[in-house]
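Good morning, colleagues. Please look first at the sequence and the model.

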Amino acid sequence: MSKRKRASLGKTPAGADQKSGDEAATSGADMAAKDDMAHVSPDLLAGSPDIFAPKWNEPPAADPSEVVSEPVVSEAVPETATEKPSEPVVAEPVESSPIFAPAAAPPVYPKAQAERRPGGGSSGALGIVLVVVGLFALGVVLFGIDLTQYGWPLFVIIPGLTLLVVGFVGGGQGASIPGGIVTMLGLLLAYSNSTGDWPSWAFAWSLVVPFGVGLGIYLQALRDRDLVALKRGRTLMFVGALIFMIGFVLFESILGISDMDYGVFGKAALPGLLVVIGIILLVRSVQRSRRANI
């Protein structure tokens, strides 16, 4: 080894010595400061709040270089259904429970008309007829009136009229309808007996039925003020009269079965019948048109 190298090894550089001196002075000052500070052991801080105690149990912070970040998987957000526009809410009608009214008292009907019939109904009407006919026959005998040739139809007309009166007073249709039939029968017998026109019965029967039936119903409806029965009786009377007119034109004006001169009535029967039928058709057409307009 050369002398220069040995000299260099044995000498200390000046800068190094000066640096070590400075470090020694600094360490001496730190030690002096530490001697002046109060030292507190961990045992004394055991009961103190955590904010003043050192974090002895705190795990060391992880190195940021070693932290492996896991990929964050975004959760699939369910697609919400498309909101439909709100429809107007229609309030349903509330069915109210039926309110049952208290049962009304049964109507009080007047006593049946049959209870007010004199003599107890048809038997009473028949009894009245017999009494009237008996009194009429007694008067004929007492006064010596001869009814054998022309007056005998009175024994039919008087019972018929009596039945009509009894029915009108209170006997009901059970007396009025037979009364109308018997009355019309007695009148036709009186006509045929006095004129000798017996062939007229070929069409005159319509004045007994249905005309006589309608007459009894009509008179009874007038008494009872029954509009339905009044219309029915009027219809039957019109039908009977129409049948009589048609029969008269057919058997008398055209065929002449009775060989009798009826004068103006016989000549005007056919034109009059045509006029009546035309009026009936016109009235029916007007009624139908009114019903259609309604």
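The protein chain has an accessible surface of about 22,800 Å², and 65% of that surface belongs to carbon and sulfur atoms. Such areas come from the Shrake-Rupley method with a 1.4 Å probe, and for residues only the protein chains shown count as cover. This is a predicted model, in which local features need pLDDT of at least 70 and side-chain atom pairs count only at pLDDT 80 or more, while totals for chains, interfaces and linings use all residues. Residues are numbered from 1 along each chain as its sequence is written, and side-chain values use heavy atoms, with hydrogens and water left out.

The chain has ten helices and zero strands; helices are DSSP runs (H or I, at least four residues), strands likewise (E, at least two), numbered from the N terminus. Of the 294 residues, 22% are buried, that is, under 20% relative accessible area, with exposed meaning over 50% and partly exposed in between.

Let me turn to the patches. Like charges are joined within 9 Å, and nonpolar side chains (Val, Leu, Ile, Met, Phe, Trp, Tyr) within 5 Å.

A nonpolar patch of about 680 Å² includes Leu135, Phe143 and Ile145. Isoleucine 145 sits in the loop between helices H3 (122–143) and H4 (154–171).

Finally, H10 supplies three residues, the largest share, of a positive patch. Arginine 291 lies in H10 and counts as exposed because its relative accessibility is 64%.

Note on methods:
Buried < 20%, exposed > 50% of the residue type's maximum accessible area, 1.4 Å probe, protein only. Patch = residues over 30% accessible without salt bridge, like charges linked within 9 Å, V, L, I, M, F, W, Y side chains within 5 Å. Salt bridge = Lys/Arg side-chain N within 4 Å of Asp/Glu carboxyl O.
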